[in-house]
Structure formats: C-alpha cells, structure tokens
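Hi,

Here is the model I promised to send over. Have a look at it first, and then read on for what turned up.

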Amino acid sequence: MKTIDIIHDEHRALASVLQALRFVVGEIRSGKLQPDFRLLAAMVDYITQVPEKVHHPKEDDYFFPLLRARSAKASALIDQLEAQHRDGTRMTGELLQALIHYQSFEASGFAAFDALLQHYLDFNWQHLNLEEGELLPLAREALSEADWQALDTEFSANFDPFSGAEGEYETLFRRIVNMTPAPYGLGA
Amino acid sequence: MAELLKLENVWAGYGGSAGSVVLEDIGFSLEDGGSLALLGRNGMGKTTLLATLMGATHFKSGRMRFCGQDLAAVASHRRAALGLGWVPQERDIFASLSVEENLSVVARPGPWHLQRIYEMFPRLLERRANMGNQLSGGEQQMLAIARALMLNPRLLLLDEPLEGLAPLIVQDLLRIIGRMVATGDMAVILVEQHAHQILPLTQQAVVLERGRVVYSGASDALRRDRSRLDNWLGVGVH
C-alpha cells in the first residue's frame, strides 16, 4: 500500500510546516519575534502549493473515485473531504491576501492574518485527522489488493512533497527549515 | 554483496560477569552497503546493541564478525579505525571547535570529504565558521552525522537521530538520511522509535523485545504487517 505511505508522508510534510508556522506566528504575537515576511511568505506558499499541486489531485482524481465506487459507506465522508479541499484552497488564498495586507500595514495587519491562520490551522488539523482516522481505515477495509496496486501505480507516478516535479518545493522547504527560528527550525 | 556484519548468539549487558544481561541470543547479518532499521520500544536493548558493537558493554558470549574479523577481540578504541562510525544520542560534538574544525579533525580518506559533506548538508556550509556551542539542536545533529561520515566508515550506527527535534527538522533530516543510505557508500544501522519514518528508508529491519530479536527480515514486509507493528511497537495507526 504505497498509496497510504505517500499520503502519510505528504501529511507529515504539511503538518511540519503548519506546526512551524503556528510557532512563528505565536512568537510574533507574544512580541518575542519580529515578523520575517520572507519566511511567512515561504510558509504560506508551501501550504498552498503542495496541497493544490501535489496532494489533493491524487486524492480527488484517483483515491476518492475508486473508494466511492467500492464503498457506499464512504460516500458521505468523501463528499465532506472534497468540500474541505475546495474550502482549503479558498482559505489559503485568503491567507495569502491577509499576509500581503499585513506586510503593507505591518502591526495593524497582524490581527487579521493571525485570526485567519488560527482558523485555517484548526480546519486543517480536523481535515488531516478525518483522513487519517476515518478515510484510511475505511479504505483498508473496502479496497482489494488489485485496487491498491492500481492506486499505487498512479500515486507513484506523482512526485514527492519535498522536491516537486523540478525540485521547486525542495528549495522552498529547505528555505523554510533554514529560516524558521530554533528549536522548530535551524534559523537564529 | 559481501557480508559485512554477522552476529550469532550474542549475549551482552552491563556491570561485568556478575552484572545484568540486556541482550539475549541476538543474531542477524548485514551486507556491505546495506541498511537496517533497529526497532523496539524504549528499554528493549537497541542502544545497548549499538554500544555492544562499539565495545562499550560487557560482551558475555556469542560471535560478532565485522569485515571478516572477530569484532569481540578488537579493543573498543580500535573499532572506529576498523570502520565503525557511531553517532550516539548525546551527539557529543566539540563545542569549542568550529563546524569545519569538527569535521576536519576526524577526516579519513574515502568517498566522504568536506565538499561532499557540504553538498549533503548545505546548512553546515553556511555555519562552517560557527563554534559547536553556537549551533541549534538540529544543526548539532547534522554536524554529528556529518562528522561520523568524515570518518568514512564501512558501517554507520545512528542512534535515534531524530529524537527531540521539531517535525520540520525531522522531515529535513529524514530526507538527508534517505539520500545517504541510498548512496550505498557504507552500511547503516538506524535506531529509531518511529518505525513508520525509517522503514521506508531501509532494506532490512530487526525488532527487539526485552533484549531478544522478535523480527529479522525485510523492512517492506514489516511495514505492511500492521498487526505485528502495533503489537511490538504500538504504531499500527499512524
């Protein structure tokens, strides 16, 4: 079940950036850190690009349709997850707008960015938990060995969340790791 | 590939002949350039097994062959020269030396040299002039691994390299370790509690329970066996 390993890997990559983003924004909120907009932009870019370009298309195009065809029980859950994918895209777009506003208006723009981010973090943890806790166990029950092989082929053709098709996300991820202040990253 | 390491019926522990036995009847082998995940819950003997390979425990009985030599007959201080590189949990980097000095001071001839290390760990290149005590935890872990590579070991022993690090750094290090293992320049034994993170990187796995081997086989087969993973490691759901 390479498919499940790939989903887990992508969730872990996203979760690690989300956790670091929560830390950085929390430090800004408490006055311990000055905003580094290059870092914030890189983080928002990562949590926008990787789900949209890497993670969700595989689920939406291959995993969800196959599971829907095999399990009537999964249908409502998949409806909910597909709606969350759409909401997630909208929310990261709003987050990017709020970040631009924050950069332009500095301190007065922080509250709106912070509020949107906290909302997005809660939303995203719930989404990841729903996939890990409900979708994957259901898929393990419902899909046959042949189904998994077909999915594994499709999922393996996709690039990993760190490198992207041409290494673009690797550079982005490394920049985030190097710029995020310790102990969450390697930055000063 | 040729066999690099072979353990048969190894019993070892601490405190001399009257002391405690931690490892019981351990046996497995590793090929040159191979990779092995050493798994088990806390206190099951993983670190003791690495320490036994390095000669830091009381070896009671059994056979340990490394590069065709009887490893038990080699003094602990000579095992690094024989080709064993150990990255302990404590990291133990030299706080009063710069990053580059930490690396250069242990360098031995082989495929891993300063330039290649900096390609693998670009962060260390950026921090090359910083002292060891000026590094963050993640940077120290990178330096500890890089320093062991500069020894150009035949077998690298990594003891919980991800322990205590934030998820962002864990993801970065996992990727570096994956690349390192894939080079096949040396064999690697990787101790880790988070099986799901290292099984995809290794060819073989050994699971210890109360000092005994309960699984020795392909990492891929273990990764797919959720019930046994859950039973031995409590990682069935991830």
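Predicted model: local features only at pLDDT ≥ 70, side-chain atom pairs only at ≥ 80, totals over all residues.

Let me start with the interface. Chain A puts 25 residues into the contact and chain B puts in 23 residues. Between them the two chains bury about 2,100 Å², with 52% of that on carbon and sulfur atoms. As you know, interface size is often quoted as the accessible area lost when the parts come together.

Four salt bridges turn up across the interface of chain A and chain B. One of the pairs with a salt bridge between the chains is A:Arg174 with B:Asp172, at 3.6 Å from N to O. There are also four residue pairs in polar contact between chain A and chain B, both residues being at pLDDT 80 or more. On the chain A side, the elements that give two or more residues are helix H1 (2–29), helix H4 (107–142) and helix H6 (168–179). H1(A) has the largest share of that side, with eight residues. Sorted by class, the side of chain A that touches chain B holds 12 nonpolar, seven polar and six charged residues.

H1(A) comes back in the second largest pocket, where it provides the largest share of the lining, six residues. That pocket has a volume of about 450 Å³. Which residues lie nearest its centre? They are A:Arg12, A:Ala15, B:Pro167, B:Gln171 and B:Gln197, out of 22 residues that line the pocket.

A salt bridge links A:Arg12 to A:Asp9, with the closest N and O atoms 2.8 Å apart. These two sit three residues apart in helix H1 of chain A, which means that about one helical turn separates them. Over all chains, the search of the whole structure gives 26 salt bridges.

The whole structure has two cavities of 30 Å³ or more, and the largest cavity holds about 130 Å³ of space. Its lining counts 17 residues, and A:Ile47, A:Pro51, A:His56, A:Tyr120 and A:Asn124 are the closest to the centre. H1, helix H2 (37–70), helix H3 (75–105) and H4 of chain A each supply at least two residues of the lining, with H2(A) giving the most, six residues.

Finally, two bits of backbone to look at. Most residues other than glycine have a negative phi, and most peptide bonds are trans. A:Ala182 and A:Pro183 are joined by a cis peptide bond, with omega about 5 degrees, and A:Pro183 lies in the segment after H6 of chain A. In chain B, B:Asn152 has a positive phi of about 50 degrees although it is not a glycine. You will find B:Asn152 in the loop between helix H6 (137–150) and strand E7 (155–159) of chain B.

Cheers

Conventions. Residues numbered from 1 in each chain as written. Chains lettered and ligands numbered in written order. Heavy atoms only, no water. Contact = heavy atoms within 4.5 Å. Buried area = accessible area lost by both parts, 1.4 Å probe. Salt bridge = Lys/Arg side-chain N within 4 Å of Asp/Glu carboxyl O. Polar contact = N/O pair within 3.5 Å; in protein donor to acceptor, adjacent residues only side chain to side chain. Helix = DSSP H or I, 4+ residues; strand = E, 2+ residues; numbered from the N terminus. Nonpolar A, V, L, I, M, F, W, Y, C, P; charged D, E, K, R; others polar. 1 Å grid on protein atoms, 1.4 Å probe; cavity = no way out; pocket = protein on both sides within 12 Å on 5 of 7 lines; lining within 4 Å. Points joined across faces, edges and corners; volume = space filled by probe spheres on them.
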